Amino acid sequence: MSALYTAIATADGNGRNGRTRTNDGQLDVQLAFPKELGGSGAGSNPEQLFAAGYAACFSSALGLIAGQKKLDVTDHSVTAEVGLNPTDAGGFALSVTLRVELPEALQGDAGRELVEAAHQVCPYSNATRGNIDVNLVVE
């Protein structure tokens, strides 16, 4: 299968205390360990970048599904909370909570069904399924 689009980014320096940028120059970010992990917090971190990407991607998937169902989700928002968790083996794993705010007309079961359907088509959801705990919250 051929990719529809390929993003390219390079990280330099000391990973979490370095810099990452895309080949087209649209993203150029200084990285730093967060204060919660003993760092300076003077830059972004991979978990923040993952959260931003997942929130945007899920929002797009939600809009796609809503459009197919002729539902208006113009006033929705998606907030991704990405946790960095220690594993029993001494490594680290991610966890995600996606908080989806929907318009008043899509509260309850209809909103939950829409969010579940978006979770089936979102590339981030498909990439993380079975690898990362993802909790969907309809607010």
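**Notes on the model**

1. Helix α2 (residues 109-121) has 13 residues, which at 1.5 Å a residue should span 18 Å; its end C-alpha atoms lie 19 Å apart, which agrees. The expected span is 1.5 Å times one less than the number of residues. Helices (H or I, at least four residues) and strands (E, at least two) are DSSP runs, numbered from the N terminus.

2. The buried residues of α2 are Gly111, Leu114, Val115, Ala118 and His119. They cover an arc of only 140° around the axis, so they sit on the same side of α2. The arc is taken from the directions from the helix axis to the C-beta atoms. Buried means under 20% relative accessible area, exposed over 50% and partly exposed in between, with a 1.4 Å probe and protein chains only. Exposed Asp109 and Glu113 are on the face of α2 turned away from its buried side.

3. This is a predicted model, where local features need pLDDT of at least 70 and side-chain atom pairs pLDDT 80 or more, while totals for chains, interfaces and linings use all residues. Residues are numbered from 1 along each chain as its sequence is written, and side-chain values use heavy atoms, leaving out hydrogens and water.

4. What covers the buried residues of α2? The cover includes α1 (46-68), β5 (92-101), α3 (123-128) and β6 (133-138).

5. The largest nonpolar core has 24 residues, and Phe58, Leu98, Leu102 and Leu114 have the most contacts inside it. Such a core is a set of buried Ala, Val, Leu, Ile, Met, Phe, Trp, Tyr and Cys residues joined through side-chain atoms within 4.5 Å. At least two core residues come from each of α1, β4 (77-86), β5 and α2; the largest share, 9 residues, is from α1.

6. Leaving aside residues up to four places away in sequence, Phe58 touches, among others, Val78, Leu98, Val115, Ala118 and Leu136. Contact means heavy atoms within 4.5 Å.

7. Strands β1 (residues 9-14) and β2 (residues 17-22) pair antiparallel over 6 bridges; pairing requires that DSSP finds at least two bridges between two strands. The two form a hairpin with 2 residues between them, and Gly15 in the turn has a positive phi of about 60°. Strand β3 (residues 28-30) runs antiparallel to β2, joined by 3 bridges. The β2-β3 hairpin has 5 residues between its strands, with Gly25 in the turn at a positive phi of about 80°.

8. Overall, the protein chain has 3 helices and 6 strands. Of its 139 residues, 32% count as buried.
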